[in-house]
Amino acid sequence: MTIEELFKKANNERIELNGHKERLKTVLLKNEYFDIEQKEYWDWKLTFSSLAFSAMIIVFSYSVPAVGNSNVAVDESKGLYTSLEKSNNVSSLGAGDYNGESANILQMVEDGTETTMYFNNRNVLIHSEVNNK
Amino acid sequence: MDTDIEILVKKAQEKDKEAFTKLFDLYYDKVLNYTFRRVLNAEYAKDITSNTFLKVLKNLDQFEWRNGPFSFNGWIFKIATNEVNQYFRKQNRYKLTIDDPDFKELGDDNKVAEEIEKKIDNDKYLLILNKAIKQLKPIYQDILHLKYFEDMSYEEISQVLNKNESTIRVYSKRAKEELKLILEVDASNFLGNI
């Protein structure tokens with residue numbers, strides 16, 4: 001007997017499992033693969049939310065440096081410095097340094113409390129101290 | 001026939017249930033019998049067949065008709081072969097992946113499975129062949145089953161196993177030689193000289 005003949009002799013048996021085929025078919029046909037509307041809806045939603053999220057990330061990544069941008073900060077701090085400098089209870093102590101950085105120093109006296117404020121050369125508030133008299 | 005299958009596949013990819021049902025009817029028995037002859041256990045053959053078709057469905061969108069007329073047949077058998085090999089790696093830990101309570105109700109299948117296995121116990125040829133084949137390298141096992149039980153060409157087997165056709169020819173020759181040697185030793189009690 002050859003190998004081929006042996007395989008042929010063994011190949012006669014065919015199995016059948018009652019009900020399995022129909023049950024498997026039913027399960028497969030209920031699979032979400034065939035749920036066209038849901039699939040398209042989710043695809044659209046997924047695409048839209050991905051795009052929206054990407055847009056948010058892009059906007060955020062551009063806006064974060066803008067918040068930290070020195071021009072904006074200087075403007076705001078310059079406003080603070082200027083308005084403080086004009087106040088009656090604030091006097092300029094002139095130029096000094098804070099932590100090795102040159103600074104313009106203002107001192108505000110109010111209700112027996114002295115507040116010393118240090119601004120850098122871009123008039124950004126870099127430090128303040130409060131002393132009670 | 002192949003054109004028909006190609007059309008059915010395309011329709012099934014467009015979510016046509018009727019087309020998928022026809023494909024399922026065409027391939028169910030082939031896959032079930034292939035997996036059963038590989039594992040010789042009706043319950044596992046059933047689970048492997050179920051998992052195979054579930055994977056067919058999940059990956060149907062990615063299937064592309066190429067490599068000639070055996071394309072879809074080869075693709076299904078590739079999935080089934082992967083599942084069978086996964087079963088061999090996991091043996092008794094192989095699980096059914098379909099999570100459907102209705103499906104898990106076995107009904108009279110246990111009894112049917114027992115009957116089938118009793119029947120197979122009497123099929124000495126299949127038992128001897130299977131015992132001998134299992135002593136071969138996994139790829140040799142795949143080739144012998146696909147060539148002699150499923151009657152596939154070398155070209156088709158090369159698609160199923162992702163190997164060059166000439167490699168499959170060489171492996172097939174070696175597999176047959178090794179099988180013959182094993183059978184000469186193991187099966188002489190049953191078959192006499194082969």
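Keep in mind that the model is predicted.

**The sheet in chain A**

Chain A holds an open sheet of four strands, in the order β1-β2-β3-β4, with antiparallel pairing. Its edge strands are β1 (90-98) and β4 (125-132), and each of them pairs on one side only. Ignoring direction, neighbouring strands of the sheet are turned by 25° against each other on average.

| Strand pair | Bridges | Facing residues |
|---|---|---|
| β1(A) and β2(A), antiparallel | eight bridges | A95(A) and N104(A) |

As for how β1(A) sits in the model, the number of buried residues among its nine is zero, so the strand lies largely in the open.

**The nonpolar cores**

Over to the packing. The largest nonpolar core has 53 residues, and I76(B) and L129(B) are the ones with the most contacts inside it. Helix α2 of chain B, residues 17-39, gives the most to this core: nine residues. Both domain 1 (1-114) and domain 2 (123-194) of chain B give residues to the core, so it lies between them. There's also a second, separate core of six residues, with L106(A), M117(A), Y118(A) and F119(A) among them.

What is I76(B) in contact with, leaving aside its neighbours within four places in sequence? The residues are Y27(B), V31(B) and V56(B).

**Helix α4 of chain B**

I76(B) is also one of the buried residues of α4(B). This helix covers residues 71-90, so to speak a run of 20 residues, and it reaches 29 Å from its first C-alpha to its last, close to the 28 Å expected at 1.5 Å a residue. Other buried residues in α4(B) include F72(B), G74(B), W75(B) and F77(B). Further along α4(B), the buried set also includes I79(B), A80(B), T81(B), E83(B), V84(B) and Y87(B). Just after the helix, Q91(B) takes a positive phi of about 45°.

Terms used
Residues are numbered from 1 along each chain as its sequence is written. Chains are lettered from A and ligands numbered from 1 in the order in which they are written. This is a predicted model: local features need pLDDT of at least 70, side-chain atom pairs count only at pLDDT 80 or more; totals for chains, interfaces and linings use all residues. Two strands pair if DSSP finds at least two bridges between them. Helices (H or I, at least four residues) and strands (E, at least two) are DSSP runs, numbered from the N terminus. Axes are lines fitted to C-alpha atoms, for helices over the stretch in contact, and angles run from 0 to 180 degrees between N-to-C directions. A nonpolar core is a set of buried Ala, Val, Leu, Ile, Met, Phe, Trp, Tyr and Cys residues joined through C-beta atoms within 7 Å. A residue is buried if 20 or more other C-beta atoms lie within 10 Å of its own, exposed if 12 or fewer, and partly exposed in between; C-beta atoms are placed from the backbone. Domain bounds come from an automatic or database domain assignment. Two residues are in contact if their C-beta atoms, placed from the backbone, lie within 7 Å. The expected span of a helix is 1.5 Å times one less than its number of residues.
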